[in-house]
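Subject: Structure handover

Dear colleague,

Here is the structure I said I would pass on. My notes on a helix pair and on a cavity search follow it.

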Amino acid sequence: MSTMTTRPRRWTLTGALTWVGTGGFLLGLFGAVLAVLLTSFAAKWTGTWLPESLTADWYRLAWEDYSVGDLLLVTLQVALAVVVLSLVIAVPTAYVLSRLNFPGKRLLLLLFLLPQVIPPMTYGIPLATVMYKYHLAETLLGVVLVNLVPSVPFAVLVLVPFIEQIDPRVEQAARVCGAGTFDVFRRVLVPLLVPGLLAAGVLVLVRTVGMFELTFLVAGPDSQTLVVALFYAAASPGLQSTQQIDAMAVIYMLTTLVMLLVALRFVDPTLGVRRAAGSRD
């Protein structure tokens with residue numbers, strides 16, 4: 001009876017560089033976050049490794065001076081509106097792309113991919129010009145509309161694999177049993193598409209909360225999201241203390257982190273891709 005021997009793990013230059021690069025990146029990232037977190041609680045910090053005393057008053061002052069509660073409300077309103085509208089538009093679009101073959105389909109998919117890979121400023125400035133021309137800028141509606149430009153194609157790309165893994169024979173069987181188009185959509189397609197809707201919805205929500213460029217170009221005093229207000233606070237030196245700005249940044253990081261944890265806990269964005277690949281195999 002032969003016994004298998006395991007070879008000792010050998011370190012290579014590529015592996016060492018990978019670990020060093022990854023470790024350096026994580027160290028820098030967590031170091032920056034820790035510095036902001038400590039500053040937001042520092043009552044006094046002068047030339048020492050750690051603050052001499054800590055206080056939570058900066059969070060109270062930031063909440064009052066910057067109206068963080070109102071900013072969070074606007075951010076939530078914009079994000080939820082973008083999610084709902086994106087799904088309403090993306091579901092039938094993704095269904096057509098999944099079920100039909102037509103000339104120009106690959107070109108259309110490429111057009112959906114473009115907003116995800118090119119910098120938002122390249123199409124954000126012309127888009128903002130149109131918004132100002134039609135008096136939609138500096139309104140909540142304008143902020144929602146500009147965020148739909150990258151969000152709808154993104155939701156379509158997420159939903160396509162989920163729809164492709166649904167067997168068309170299920171829909172055909174429902175039609176044979178007398179179900180109309182709306183009944184097939186409501187009773188067959190939507191229940192089977194719930195994982196995809198959750199994935200697209202949560203990911204669009206996180207993207208919208210973190211979207212700075214497009215929102216910055218069209219947001220007004222009453223339609224600023226938290227990330228835009230944070231930029232204005234950081235770009236106005238001397239008006240407010242650094243600790244207040246850092247406290248505001250921590251609130252923004254926590255908001256985004258909570259949404260990411262929800263996404264990772266309840267949604268697996270690769271589920272549809274894996275199912276589609278499994279069905280093809």
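Predicted model: local features only at pLDDT ≥ 70, side-chain atom pairs only at ≥ 80, totals over all residues.

The volume of the largest cavity is about 30 Å³. Its lining is made up of Thr75, Val78, Ala79, Asn147, Thr208, Val209, Thr215 and Thr225. Two elements, α3 (68-99) and α9, each give two or more residues to that lining. The largest share belongs to α3, with three residues. Sorted by class, five of the lining residues are polar and three are nonpolar, with no charged residues.

Helix α9 also takes part in the helix pair. It spans residues 194-210, and helix α8 spans residues 181-192. The two pack with their axes 4 Å apart, at an angle of about 60°. Angles from 65 to 115 degrees would count as roughly perpendicular and those under 35 as roughly parallel, so α8 is oblique to α9.

Which residues of α8 and α9 meet? On the α8 side they are Val190, Pro191 and Leu192; on the α9 side they are Val194, Pro195 and Leu197. The contact of α8 with α9 has six nonpolar residues, and neither polar nor charged ones. The lining of the largest cavity, by contrast, includes five polar residues.

Regards

Methods: Residues numbered from 1 in each chain as written. Heavy atoms only, no water. Axes fitted to C-alpha atoms, helices over the stretch in contact; angles between N-to-C directions. Parallel < 35°, antiparallel > 145°, perpendicular 65-115°, else oblique. Contact = heavy atoms within 4.5 Å. Nonpolar A, V, L, I, M, F, W, Y, C, P; charged D, E, K, R; others polar. 1 Å grid on protein atoms, 1.4 Å probe; cavity = no way out; pocket = protein on both sides within 12 Å on 5 of 7 lines; lining within 4 Å. Points joined across faces, edges and corners; volume = space filled by probe spheres on them.
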